[in-house]
Amino acid sequence: MARAKVQFICQECGAVHPRWAGRCDSCGGWNTVAEEPVAEAAPIGGKGGKKTSKGRTIEFVSLDGQSAPAPRKKTGILEFDRVAGGGLVPGSAILIGGDPGIGKSTLLLQAVAGLANNARCVYISGEEAIDQVRLRATRLGVQKASVSLAAATHVGDIMATLDVDDPPDIVVIDSIQTMYVTAFDSAPGSVGQVRASAQELIRLAKRRNITVLFVGHVTKDGTIAGPRVLEHMVDTVMYFEGERGHHFRILRAVKNRFGPTDEIGVFEMTGTGLMEVKNPSALFLADRQGDVSGAVVFAGVEGSRPVLVEMQALVAPSPMGTPRRAVVGWDSGRLAMILAVLEARAGVSFSGKEVYLNVAGGMRVSEPAADLAAAAALMSAETGQALPRDMVVFGEIGLSGEVRAVSQMDARLKEASKLGFDRALTPRNRSKSKSGDVALTELSEIVELLQIFNADGKDASTVAALPPQNTRAAGV
Ligand code: TYD
Ligand code: MG
């Protein structure tokens, strides 16, 4: 009798092991390897596993075929449509990841309600009962939208319902971790179940030209629970992020086969659902204080849109041998680098001091262009001198202390000007980007920051009086 085949799969990273192990070799996780039955594979070369037929010849075509661009279905929520690359592509699979309670179900319910005008939409909830979803729809004011709602978790049932000649256009699966197929014994949410369920549903999407939107929960360490594998299977991966204490939510595309990545959509969670934020910079800067040392406005770019955020630094004496360094909203490795460059190239030492860096408003910054803003915030906190209130900062810092040019200078300066900023601390502008009515203070070396914060001991005036040889008025 043939033994039932089993395999051992890491529940964190999806790596397959030949036998059980206490630690996964691939991701290093402890106690994450679990036994799972092997899915029935398609027999190779016909029945009985014998290689009988040789397979069909594949036909090749040229690259310049006439494929019409896929028509996209718009939700009417501009922030969502832009992140999706201009709307939802029929037959594509989209994964929306995020922490529990961040608003994924709310976002998708609003999205299908918007789509319902020109597409047939189905919302399948595996987590909440019908009444709960209805209650939310009423709260969002979309209860009249013609969306078909069902509570189901068995993929077989869903396939039987949707794999028909007249399928719906859009299907939301909330969430993929609650779905299961009967081929596996393991519990819903395990890697095997999530992968098999997603595979079935994605196959359905391709075959019937349905857009499937999966909700996926994120684990503590920020990856979509269970499978990274899921990210490879779908066409588009979006993350819905935000800090618990804040109302802002950011939708970020990290993979998109049908559009650009790194686009963001900004929302605000209100009592009646998610509202689009047309001007995120104004929102992120809303709580700005007066001239405070350690606070600097960074002119960043997320995808195609400029976003201004405040970077705050605090430097305090530390009683401990290894002082603390903590970062919120930025990369801690990058902070260590900036501190080292400031010490080695500008002679500013932070040893024996605790250093905290925070991006205000719950935003996450990943651009290297934030280096100069971080350095300026640190210098400002260290010297106790504030930069002028109407000044934005951007620029990348290299290991030899040079300040490097960054992309999209024009867009950054234009956004700054729009929000009433008159001055900018920037890399030396070799390409002579237009600065509009923003006066630039250009740096080529990080050591020049000392002059700005009067830390070189030569000048005792305030920072507002910036070195004249560095300042140039607009268009000069
Ligand atoms: P939800 O969409 O259920 O999150 P997820 O599906 O990602 O787990 O959103 C849950 C939170 O959103 C909940 O804490 C309440 C809040 N919320 C509002 O503030 N306003 C609203 O209109 C709705 C529907 C939810
Ligand atoms: Mg939910």
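# Setting values against definitions

Q: Where is proline 368 found?
A: Proline 368 is found in the loop between β16 (353–359) and α9. Helices here are DSSP runs of H or I with at least four residues, strands are runs of E with at least two, and both are numbered from the N terminus. This is a predicted model, in which local features need pLDDT of at least 70 and side-chain atom pairs count only at pLDDT 80 or more, while totals for chains, interfaces and linings use all residues. Residues are numbered from 1 along each chain as its sequence is written, chains are lettered from A and ligands numbered from 1 in the order in which they are written, and side-chain values use heavy atoms, leaving out hydrogens and water.

Q: Why does proline 368 count as partly exposed?
A: Its relative accessibility is 33%. Buried means under 20% relative accessible area, exposed means over 50%, and partly exposed is in between, with a 1.4 Å probe and protein chains only. The value for proline 368 falls in between, so the residue is partly exposed.

Q: Which residues is proline 368 in contact with, leaving aside its neighbours within four places in sequence?
A: They are Arg334, Gly395 and Glu396. Contact means heavy atoms within 4.5 Å. Proline 368 and arginine 334 are 34 residues apart along the chain, and their C-alpha atoms are separated by 8.4 Å.

Q: What share of the 476 residues in the protein do buried residues make up?
A: Buried residues make up 49% of them.

Q: Is cysteine 24 buried or exposed, and how do you know?
A: Cysteine 24 counts as buried, because its relative accessibility is 0%. Cysteine 27, with a relative accessible area of 39%, is partly exposed.

Q: Why can we say that the buried residues of α3 line one face of the helix?
A: Start with the residues themselves: in α3 (residues 130–140), Val133, Ala137 and Leu140 are buried. Looking down the axis of α3, you find them within an arc of 65 degrees, so they line one face. That arc is taken from the directions from the helix axis to the C-beta atoms.

Q: What puts the buried residues of α4 on the same side?
A: In α4 (residues 155–162), the buried residues are Val155, Ile158, Met159 and Leu162. They cover an arc of only 100 degrees around the axis, which puts them on the same side of α4. Ala160 and Thr161 are exposed on the other side. The cover over the buried residues includes β5, β7 (170–174) and α5 (191–208).

Q: What angle do helix α8 and helix α9 make as they pack?
A: α8 (residues 332–346) and α9 (residues 371–383) pack at about 60 degrees, with their axes 10 Å apart. Axes are lines fitted to C-alpha atoms, for helices over the stretch in contact, and angles run from 0 to 180 degrees between N-to-C directions.

Q: Which residues in α8 meet which in α9?
A: Arg334, Leu335, Met337, Ile338, Leu339 and Leu342 in α8 meet Asp371, Ala375, Leu378 and Met379 in α9. They divide into eight nonpolar, no polar and two charged. Ala, Val, Leu, Ile, Met, Phe, Trp, Tyr, Cys and Pro count as nonpolar, Asp, Glu, Lys and Arg as charged, and the others, Gly among them, as polar.
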